There are 4 protein chains.
Amino acid sequence: MGQTVQPAVVGATGYAGFELARLLFRHPNVKKPVLFTREGEGTPERLDDIYPHISGNGASPLEPFRWEALRNRGVDVLFLATPHEVSREWVPQAAQQGVRVIDLSGAWRLATPAYREIYQFHDNDAAVADKLTAEAVYGMPELHRDKLPGATLVAVPGCYATSIILPLTPLVRSGLIDLNHGVICDSKSGVSGAGKQPTAKTHFVEVAENLSAYAVFSHRHTGEILEQLGLAPEQLVFTPHLLPIPRGILSTIYVRLNSVMQPREIEDCWRTFYAGAPCVRVFPAGKLPQIQYSLHTNYCDIGFALAADGRRLVIVSCLDNLMKGAAGQAVQDMNVMFRWKEEEGLR
Amino acid sequence: MGQTVQPAVVGATGYAGFELARLLFRHPNVKKPVLFTREGEGTPERLDDIYPHISGNGASPLEPFRWEALRNRGVDVLFLATPHEVSREWVPQAAQQGVRVIDLSGAWRLATPAYREIYQFHDNDAAVADKLTAEAVYGMPELHRDKLPGATLVAVPGCYATSIILPLTPLVRSGLIDLNHGVICDSKSGVSGAGKQPTAKTHFVEVAENLSAYAVFSHRHTGEILEQLGLAPEQLVFTPHLLPIPRGILSTIYVRLNSVMQPREIEDCWRTFYAGAPCVRVFPAGKLPQIQYSLHTNYCDIGFALAADGRRLVIVSCLDNLMKGAAGQAVQDMNVMFRWKEEEGLR
Amino acid sequence: MGQTVQPAVVGATGYAGFELARLLFRHPNVKKPVLFTREGEGTPERLDDIYPHISGNGASPLEPFRWEALRNRGVDVLFLATPHEVSREWVPQAAQQGVRVIDLSGAWRLATPAYREIYQFHDNDAAVADKLTAEAVYGMPELHRDKLPGATLVAVPGCYATSIILPLTPLVRSGLIDLNHGVICDSKSGVSGAGKQPTAKTHFVEVAENLSAYAVFSHRHTGEILEQLGLAPEQLVFTPHLLPIPRGILSTIYVRLNSVMQPREIEDCWRTFYAGAPCVRVFPAGKLPQIQYSLHTNYCDIGFALAADGRRLVIVSCLDNLMKGAAGQAVQDMNVMFRWKEEEGLR
Amino acid sequence: MGQTVQPAVVGATGYAGFELARLLFRHPNVKKPVLFTREGEGTPERLDDIYPHISGNGASPLEPFRWEALRNRGVDVLFLATPHEVSREWVPQAAQQGVRVIDLSGAWRLATPAYREIYQFHDNDAAVADKLTAEAVYGMPELHRDKLPGATLVAVPGCYATSIILPLTPLVRSGLIDLNHGVICDSKSGVSGAGKQPTAKTHFVEVAENLSAYAVFSHRHTGEILEQLGLAPEQLVFTPHLLPIPRGILSTIYVRLNSVMQPREIEDCWRTFYAGAPCVRVFPAGKLPQIQYSLHTNYCDIGFALAADGRRLVIVSCLDNLMKGAAGQAVQDMNVMFRWKEEEGLR
């Protein structure tokens with residue numbers, strides 16, 4: 001296959017954006033990505049000035065973003081690894097230009113106005129924003145594979161949300177879980193999830209030798225979890241924690257089953273649902289995923305333990321927050337969008 | 001006050017035992033501890049040969065344990081920082097010798113035979129074991145302060161168990177929690193909790209950059225949590241995780257309240273219960289404990305977040321597994337046993 | 001002894017300042033320290049708002065610094081845990097007020113004008129600055145014990161410098177080292193040495209899983225090392241590295257001996273020199289210090305390996321950069337200044 | 001190109017062996033590797049039982065090693081990721097079978113008998129061992145590229161040695177370094193270099209929050225460094241340190257130049273020497289490599305700082321000990337051996 005698709009990335013200097021650039025550089029089906037910087041991001045000339053990790057692999061020039069450049073450079077798909085305010089502002093313009101967008105921020109994930117409030121969006125044109133919201137595809141190929149080929153705007157799911165929605169969806173859709181009992185998600189994430197901006201929260205001395213819970217009952221990803229799973233707010237408790245590691249997420253999820261079940265039935269539920277899903281790995285009963293297993297891969301790993309009573313289920317899911325939780329999933333979205341092999345460039 | 005009490009420690013070369021020796025060396029009310037090694041532990045001559053950390057602070061000779069030595073050295077209280085099998089075997093002999101024992105292992109914590117099965121004890125004399133079990137005081141001064149002065153055998157609580165029992169007891173005793181809804185304890189511990197023996201599980205490369213859940217529905221501490229809280233097995237889910245840090249535990253605990261409550265009422269419940277407890281710190285609503293805050297202290301820190309519905313409560317507790325989770329609590333037990341200031345030697 | 005000395009601390013919210021406050025709070029010979037904040041540092045009301053680590057141990061109010069307050073509060077000794085520019089500006093004022101100062105910054109350590117250039121001081125009154133420089137005592141009690149009791153201004157040595165000057169001084173003064181051959185100091189430090197201000201350099205993701213050398217041939221501590229050891233600039237190479245740990249320094253020092261020596265002779269040189277020094281531990285040949293051994297202590301540990309040729313000597317020294325490398329050494333200075341036991345409050 | 005070469009690996013369950021297996025699985029020019037286990041290694045059936053990291057990528061069966069299997073499976077090149085005693089014993093047998101071997105251990109790296117003593121080899125047939133030693137190629141393609149295509153036995157260099165030999169060789173060969181002044185190599189390595197066997201040295205609690213020097217003047221890699229650089233033992237000091245990270249090496253190397261030089265001249269020396277070397281990256285003056293930059297790559301990164309006097313040179317080199325320090329370099333050797341692109345399968 002010839003490389004005919006031209007991708008571009010805005011925000012390649014952040015952690016997720018850099019991971020994305022690296023994936024696109026070695027993706028067999030696309031041209032070398034155009035890397036844009038936004039105004040105010042400083043003006044390094046090349047990505048390898050910031051990340052010497054990739055020096056020696058050929059040029060990686062950065063250029064200031066301009067809308068004309070999109071056309072001039074023949075960009076087919078624009079990846080936004082930008083803060084959600086920026087994505088919220090830029091996507092309407094990109095739509096006007098007819099450029100397909102894969103947005104890694106939280107700007108376009110939520111259909112429910114109430115869940116969007118936490119982001120405090122200021123839309124220039126509410127009608128346009130509503131139209132785009134209606135068109136946006138929640139970029140989790142395992143759940144919305146069919147909508148991606150025609151999509152013009154893909155909202156890549158949040159990292160925590162991915163680790164929770166993927167294991168729960170098959171059980172919820174099969175009606176196995178007593179939702180009124182409540183779903184508890186105890187999630188732990190590495191620090192890269194907090195972004196590259198130095199803050200007190202990301203200072204090495206504050207994070208090392210530590211573990212902390214934060215944003216209990218108030219994390220931004222709550223809305224997408226509720227929407228995708230069809231839960232009411234009072235059916236979910238979601239507690240994020242900051243782990244002293246650079247990357248990786250482990251979510252421990254607690255649910256009560258509607259009836260007494262066998263471990264094999266639980267496992268089968270996932271295996272059936274994810275039969276054609278190359279980026280989900282289901283672990284057999286008695287073997288739990290660990291963060292290390294999924295680092296630098298695009299897998300979401302799912303394992304579980306079932307109590308002797310056959311009712312209390314503990315699910316453990318793991319993923320790499322910069323891969324399946326961000327850049328890897330974005331590339332997976334692009335693959336499905338262009339009807340390529342879903343895991344192309346991700347192995 | 002003169003230093004009239006002579007303590008001895010068996011197992012000072014392990015992590016908890018070493019912490020204990022350090023605490024006793026600088027405790028103002030006791031003589032310098034006698035440090036015993038067990039057969040088969042090798043024969044270093046001094047504790048600072050193994051832990052150069054303490055060299056320069058005077059002699060710390062190790063001597064092989066013999067029962068006669070207890071008498072010859074005038075030992076008043078014997079700390080066992082030994083594997084539970086050893087404690088189970090030695091405590092009956094110590095009782096015969098009339099020596100008071102503070103045991104850091106799981107050997108004497110459990111009254112319920114079914115909960116003890118996991119330890120697979122082989123008692124030489126079941127009647128003696130039963131008698132000792134009946135006499136043993138669960139060494140959590142906050143709950144059993146009155147029984148400690150007369151105690152001859154103190155079973156120091158498990159580290160995970162302490163982090164769970166302390167925050168839950170006041171709420172359970174006040175009838176605030178819907179126990180039938182179930183109590184979920186998601187606990188995360190540093191590696192020193194796994195002991196000093198090198199294993200695949202404690203290898204640096206396996207632990208670093210990782211997080212893993214283990215022993216779900218099968219951890220040994222489950223029994224003591226159930227007993228102390230008066231829960232039925234099906235009312236509890238307890239999931240331990242191994243953190244990539246040397247020490248510290250954070251437990252995130254999920255309960256449903258029987259009625260709608262205000263944050264202030266929750267906080268007050270703990271503040272009232274722990275009014276005279278110098279080793280518990282209650283955090284105000286909106287401020288959560290972190291592992292760092294309690295490291296190298298004997299505090300159990302308790303904080304919480306209450307959902308807007310006033311029913312879903314998330315509790316976060318932290319402690320240092322080698323201090324309040326082991327050696328520090330053992331010293332606290334000794335302090336209460338001898339009617340000293342409860343936090344003597346622990347600040 | 002009654003507690004008659006009133007200490008005050010400016011900068012207790014930084015890492016070294018906090019360690020210092022903690023040491024002073026439990027120092028048996030001093031009154032509770034007055035904790036001052038500088039303008040622009042924000043206005044928390046209590047130190048335990050910032051460091052919940054110490055909550056539960058009594059009040060730790062912070063108050064805005066004013067010169068009058070020094071008198072009103074009867075401050076006998078003022079500790080400055082402030083940036084060097086601040087110390088350079090404030091010490092002349094303190095001198096005018098007749099307050100003794102123990103300064104933890106690099107502001108007053110250097111007698112040689114050329115070595116001070118790197119700090120770019122802007123003195124209001126050069127003559128006063130010169131006079132103070134002449135009066136300042138380099139606060140390493142092991143080398144300048146006699147000058148401390150009468151000192152009005154103590155410049156606490158740098159952390160790296162302490163780890164290098166202490167092991168080398170006895171060998172240099174005994175003429176054992178071929179100085180013209182050159183002295184090479186390869187030092188590695190934990191991140192707290194870089195201060196509490198969040199920067200790209202201290203971001204967890206940049207530090208974890210990493211090691212980096214920095215400021216080669218240009219680190220600020222170079223001047224004090226040269227001055228205290230009496231070396232010419234071309235006789236020293238000093239390479240600092242940033243370690244992925246919160247605290248601790250290990251320096252590996254390479255020298256050539258003037259004549260063939262036995263390990264025992266090297267060890268004896270240190271043992272003789274530091275016979276009365278309670279804060280230096282000399283390790284026997286064949287046993288090297290590690291960072292862990294000295295953490296949370298005020299020791300500088302010294303060990304070595306001598307090549308079979310008896311000429312090439314590798315010295316390894318360790319210390320805790322916040323203790324013997326900053327706050328602990330400052331307290332040690334105070335102890336000697338007031339003719340107390342040198343290690344009082346430091347065990 | 002068809003995949004005609006059949007590789008096999010013994011020891012794929014260790015850290016370097018697993019990295020090697022992963023590289024071979026995705027190498028475009030070779031068939032899927034045969035993975036052998038040695039007697040006594042236990043009998044897992046598949047590599048992904050031990051490393052769930054790679055599950056989902058197809059079968060990775062392990063089979064017990066037998067010499068007949070080499071022939072039956074048509075093995076063209078045998079990788080030994082085994083302890084040096086095993087390699088020393090097996091290579092003569094492999095030679096008899098006519099199988100080309102790439103050995104990752106220290107068994108065949110050293111020509112000088114004195115330097116081999118530290119390994120305490122017990123050869124069944126000294127004459128055969130001598131013959132093989134003479135035939136063995138030191139597998140550093142940058143220095144011995146021409147000898148690899150015809151090689152029957154390749155001894156992959158040690159990880160520390162690679163980080164030292166690569167930066168020093170161009171300078172030594174150009175006569176720039178005053179060797180009699182001595183070369184000092186201060187190296188720091190992640191823990192995976194110590195192997196997968198759990199020991200006190202690799203226990204998480206002993207490594208975390210720590211740094212330690214070890215094997216000063218007695219590390220096994222000393223011999224290969226001396227041989228490859230043509231140094232006399234008294235011209236080298238090599239100090240390894242254990243870093244609290246899973247992987248990566250940084251070596252800080254100190255030399256004196258024979259004459260005053262400019263930074264550009266130093267840089268040019270490396271650039272010229274490594275003009276055709278795709279796995280060496282030379283950093284410009286003023287920019288130093290860090291361990292992170294080279295992780296999960298096959299690069300050896302080289303940077304430096306030159307003192308103002310133009311004589312004292314500090315070199316910093318970095319590599320991933322499991323890649324360029326072991327498995328990656330082994331694959332690089334295979335690539336040159338079979339006249340493929342040198343970095344094939346390593347990007």
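## Ground rules

Helices (H or I, at least four residues) and strands (E, at least two) are DSSP runs, numbered from the N terminus. This is a predicted model, where local features need pLDDT of at least 70 and side-chain atom pairs count only at pLDDT 80 or more, while totals for chains, interfaces and linings use all residues. Residues are numbered from 1 along each chain as its sequence is written, chains are lettered from A and ligands numbered from 1 in the order in which they are written, and side-chain values use heavy atoms, with hydrogens and water left out.

Most residues other than glycine have a negative phi. Glu209(A) is not a glycine, yet its phi is positive, about 55 degrees. You'll find Glu209(A) in the loop between α9 (204–207) and β9 (212–213) of chain A. With 13% relative accessibility, Glu209(A) counts as buried (buried means under 20% relative accessible area, exposed over 50%, partly exposed in between, with a 1.4 Å probe and protein chains only).

Phe217(A) is another non-glycine with a positive phi, about 65 degrees. Its place is the loop between β9 and α10 (222–229) of chain A, and Phe217(A) is partly exposed at 26%.

## Aromatic pairs

Over all chains, a search of the whole structure turns up 46 aromatic pairs. Rings of Phe, Tyr and Trp (its six-membered ring) pair if their centres lie within 6.5 Å; planes under 30 degrees apart count as stacked, over 60 as edge-to-face and the rest as tilted. Take Tyr160(D) and Phe238(D): their ring centres are 5.3 Å apart and the planes sit at 70 degrees, so this pair is edge-to-face. Tyr160(D) belongs to helix α8 (residues 159–173) of chain D and Phe238(D) to strand β10 (residues 236–242) of chain D, so the pair ties together parts 78 residues apart in sequence. Tyr160(D) is buried at 2%, and Phe238(D) is buried at 3%.

Phe283(D) and Tyr293(D), by contrast, are stacked, with 6.2 Å centre to centre and 5 degrees between the planes. Both of these residues are buried. Over in chain A, ring pairs link Phe36(A), Phe65(A), Trp67(A) and Trp90(A) into a cluster.

## Salt bridges

The whole structure holds 71 salt bridges over all chains, each being a side-chain nitrogen of Lys or Arg within 4 Å of a carboxyl oxygen of Asp or Glu. In chain B, Glu142(B) bridges to Lys324(B), with the closest N and O atoms 2.9 Å apart. Glu142(B) is in helix α7 (residues 141–144) of chain B and Lys324(B) in helix α13 (residues 323–337) of chain B, so the bridge ties together parts 182 residues apart in sequence. Glu142(B) is buried at 8%, and Lys324(B) is buried at 0%.

Another bridge joins Asp186(D) and Lys188(C) (3.1 Å, N to O). This pair crosses between chains, running from strand β8 (residues 183–189) of chain D to strand β8 (residues 183–189) of chain C. Asp186(D) and Lys188(C) are both buried.

## How the copies relate

Chain A can be laid on chain B with an RMSD of 0.0 Å, using a turn of 180 degrees and a shift of 0.0 Å along the axis; superposition is by least squares on the C-alpha atoms of residues with pLDDT of at least 70 in both copies. The two copies are thus related as by a two-fold rotation axis.
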